[in-house]
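Biologist: Before we go through this model, could you show me how to read its features, giving the general idea behind each term and then the case at hand?

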Amino acid sequence: MILHVCCAPDATTAVERLRDEGYEPVLLFFNPNIQPDEEYLKRLEAVRTLSDILNLTLIVENLPVDLWKKEIEEFKDYGEGSIRCFKCIEYRLRFAAWYAKKNNFKAFSTTLTTSPKKNILWIHSIGEKLSKDFNIEYIRRDFRKKDGFKRSVELSKMFGLYRQNYCGCIYSLREKRLGMITR
Ligand code: SF4
């Protein structure tokens, strides 16, 4: 299966739980939303560290940030948690589902459900729609359940992983700086 990874901390719990179920996830880092470039590289480096520690295969794919911006342009000032995020998540998961299908994986999922900040129903509705569009299984899991987020904090500390303090896009960074978001 392909596991879309939004960041290393969120992947810790997801990988642990999927392995407990008998899956061996292949990580796919596809996050053109992360800006600026230094931040993108920091988060990617943390995912590389995690994949080395846990002996996982990591695939890194990217597209120009302008393509991602086009997707969310109309909603860019709506704030974190708005339809802007729905569009952003859909964009990234669409790529993951497409990639999984194209490369003959049997299923896909995402680490995004580890975060208490994300709208889990949106994520699952997107995953299930893409499952139909691409004729591939969506592994629907709420990784934040049963203290999943707390576990991700513990594991991130244990592995020495970088933990970001804003969601990822330049707009969320601005909102953080303006004090509109606490994390
Ligand atoms: S706040 Fe996060 S989920 Fe929402 S658009 Fe920005 S990067 Fe995407």
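**Salt bridges, burial and the ligand site**

Modeller: E175 forms a salt bridge with R84, and their closest N and O atoms are 2.7 Å apart; a salt bridge here is a side-chain nitrogen of Lys or Arg within 4 Å of a carboxyl oxygen of Asp or Glu. The pair links distant parts of the chain, with E175 in helix α7 (residues 170-177) and R84 in helix α4, 91 residues apart. Helices (H or I, at least four residues) and strands (E, at least two) are DSSP runs, numbered from the N terminus. This is a predicted model, in which local features need pLDDT of at least 70 and side-chain atom pairs count only at pLDDT 80 or more, while totals for chains, interfaces and linings use all residues. Residues are numbered from 1 along each chain as its sequence is written, and side-chain values use heavy atoms, with hydrogens and water left out.

Biologist: Is E175 buried or exposed, and what holds for R84?

Modeller: Buried means under 20% relative accessible area, exposed over 50%, and partly exposed in between, with a 1.4 Å probe and protein chains only. E175 is buried because its relative accessibility is 4%, and R84 is buried because its relative accessible area is 2%.

Biologist: How many salt bridges does the rule give, and which residues are linked in a network?

Modeller: The count comes to eleven salt bridges, and E16, R151 and E154 are linked in a network of them. R151 counts as partly exposed because its relative accessibility is 26%, and E154 does so because its relative accessible area is 38%. Another salt bridge joins the side chains of R19 and E24, at 2.8 Å, N to O; R19 is partly exposed at 30%, and E24 is partly exposed at 46%.

Biologist: Where does the ligand sit, and which residues are around the ligand?

Modeller: A cavity is a set of points, on a 1 Å grid over the protein atoms alone, where a 1.4 Å probe fits but cannot get out, and its lining residues have an atom within 4 Å of a point. A molecule sits in a cavity if more than half of its atoms lie within 2 Å of its grid points, and by that rule the ligand sits in the largest cavity. Counting a residue when one of its heavy atoms lies within 4 Å, the residues around the ligand are N33, E80, R84, C85, C88, R92, C167, C169 and S172. Helix α4 gives the most to this shell, with four residues.

Biologist: Where does UniProt place the feature "binding site"?

Modeller: The unreviewed UniProt entry places "binding site" at C6, C7, C85 and C88. Of these residues, C85 and C88 are included in the lining of the largest cavity. UniProt positions are given in the numbering used here, feature names are shortened, and annotations may be inferred rather than shown by experiment.

Biologist: What does C6 touch, and with which residues is C85 in contact?

Modeller: Contact means heavy atoms within 4.5 Å. C6, in the loop between β1 (2-4) and α1 (8-20), touches F29, N31, I34, R92, T111 and L112, not counting residues up to four places away in sequence. C85, in helix α4 (residues 83-102), is in contact with G79 and E80, leaving aside its neighbours within four places in sequence. C6 is buried, with a relative accessible area of 9%, and C85 counts as buried at 15%.

Definitions and conventions. 1 Å grid on protein atoms, 1.4 Å probe; cavity = no way out; pocket = protein on both sides within 12 Å on 5 of 7 lines; lining within 4 Å.
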